[in-house]
Amino acid sequence: MANHISSSCFLHGPFHLLFLLSFAQMVPLTVQTFTGTYGINYGRIADNIPSPDQVVTLLRAAKIRNVRIYDADHSVLKAFSGTGFNLVIGLPNGQLQDMSSNADHALNWVKDNVQSFLPGTPIRGIAVGNEVLGGEDYSLWGELLGAAKNIYNATKKLNLHEQIEISTANSFAVFSNSYPPSSCKFKDSVTQYMKPLLEFFSQIGSPFCLNAYPSLAYASDPEHIDLNYALFQPTKGIYDPKFRLHYDNMLDAQIDAAYSALENAGFNKMEVIVTETGWASNGDPNEAGANMTNARTYNYNLRKRLAKRKGTPHRPKNIVKAYIFAVFNEDSKPGASSERNYGLFKADGSISYDIGFHGLNAARSSHLSLKSISADSMATMIVSLCALMLLIF
C-alpha cells in the first residue's frame, strides 16, 4: 500500500496533489502554537506605528510566523485573518479580577475575542496576564489562577480547548536566585500562588512562559557580568558545579535556571518558552549597555542561536523557542528611555538596525499563487503530502 501511494504521487503529481490538498482539509491536524523557533512581540503602545495591515505585510516579508500581542484588539485580529500566522492574544492584567470572579464574563470574552474570529484568524493561544506573580500589584496574585481556569473552561465549553493554549508570562522576579542556574528556586512569597498555577498548567499541557532579558541582568551589574556572555559573543562563560555544565551565553543559563526552579517545585516535564527577550538600542545614562551596537549584536546572534534548533545544556532535547521583543519602538511607553527603544523596526517600518530583515518599504508581496511556487517547492510539497497520507493510512 505504501509503495503504491508513493509511486502514484510521482506518476500523477498534479492530480494527486489536488486530491491530497482537498483530503488534507478534511483531516483534523494538531494545531501548533509555535512553529519553528522564532517569534516576535507586537506591542502597540505608540501613536506613530504602521497599521495592522502593514504590520502583517512587514512580518510576512521577514518570514516571522509566530506573533504575540498584549490584548485582543479587533482591528489587529481582522488584519491577521487568513494569514497563517500563529497568533497568541493577551488578556490584560486589568481584566484578571473580573475574569476570575465571573465565569460568564470569561465565556463572553472568549466568544467575542476568540471564537468570533476563528477559523479565519489563526489564534493559537491566550496569555492570561503578563508578569503578574512577582509584580507590584499584589491584589492580582490571587486572581491569576481563577482567571486562567475560567478562560480555559470557556474554551472547553466552546470546544476550543484543543486548539487554544492557555499560559501566562513570568519575569525573573518570581525567582529567589538564578546564579548558577542549578540554584534557582521560586521565591517563598510566590510559591503559594505559583505551585497551584503550575499544577493547573501541567494538567492542561501548558508551558512555563519566561520573559528573559540578559540585557537587564548586565545593566544591573556591569562590573561583574561579562558583556560578551550576555551578547552570545566568544567568552569563557560560567561553570555550574551542581549541573556539571558549562554555559557560553546568559540566555541559555536563564532558561536552565527556570528549568531548575520547575524541578525544585516538582514539575520536571514542563517546557520553558521564552515569551520575551531583546536588547534596547538606546537608554538613559544609567542603563549600561543600552545602545545600537549591542542591540544589533544580541538580536543578530540570537537569530543564529535559535536557527540551530537546539536545546540548552541542561535540557538539550528541548529546542529553545523565543519571542523577540519587539516589532517597533513604542514611543508612548512610560519609564526609562530603554522601554521605548526595543524595536527591530522604526515607526515608519524601516529597520532599526540590520540583522537580516527588510523594512516595510522593501517588502515584497507575500501572496502566493501556483505560479510563484518553484518546482523544488512543489516537489517538496508533494513529498510532504505523500508522507502525510502514509501516516494516515
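Start with Tyr 42, which counts as buried because its relative accessibility is 1% (buried is under 20% relative accessible area, exposed over 50%, partly exposed in between, with a 1.4 Å probe and protein chains only). Phe 80 is buried too, at a relative accessible area of 0%.

A quick word on the source: this is a predicted model, where local features need pLDDT of at least 70 and side-chain atom pairs count only at pLDDT 80 or more, while totals for chains, interfaces and linings use all residues. Residues are numbered from 1 along each chain as its sequence is written, and side-chain values use heavy atoms, with hydrogens and water left out.

The structure holds 18 aromatic pairs. Rings of Phe, Tyr and Trp (its six-membered ring) pair if their centres lie within 6.5 Å; planes under 30 degrees apart are stacked, over 60 edge-to-face, and the rest tilted.

| Pair | Centre to centre | Angle between planes | Type |
|---|---|---|---|
| Tyr 42 and Phe 80 | 6.5 Å | 50° | tilted |
| Phe 80 and Phe 85 | 5.2 Å | 85° | edge-to-face |

The Tyr 42 and Phe 80 pair links distant parts of the chain, 38 residues apart. Both Phe 80 and Phe 85 are buried.

Elsewhere, Tyr 70, Tyr 213, Phe 325 and Tyr 342 make up one aromatic cluster.

Definitions and conventions: Helices (H or I, at least four residues) and strands (E, at least two) are DSSP runs, numbered from the N terminus.
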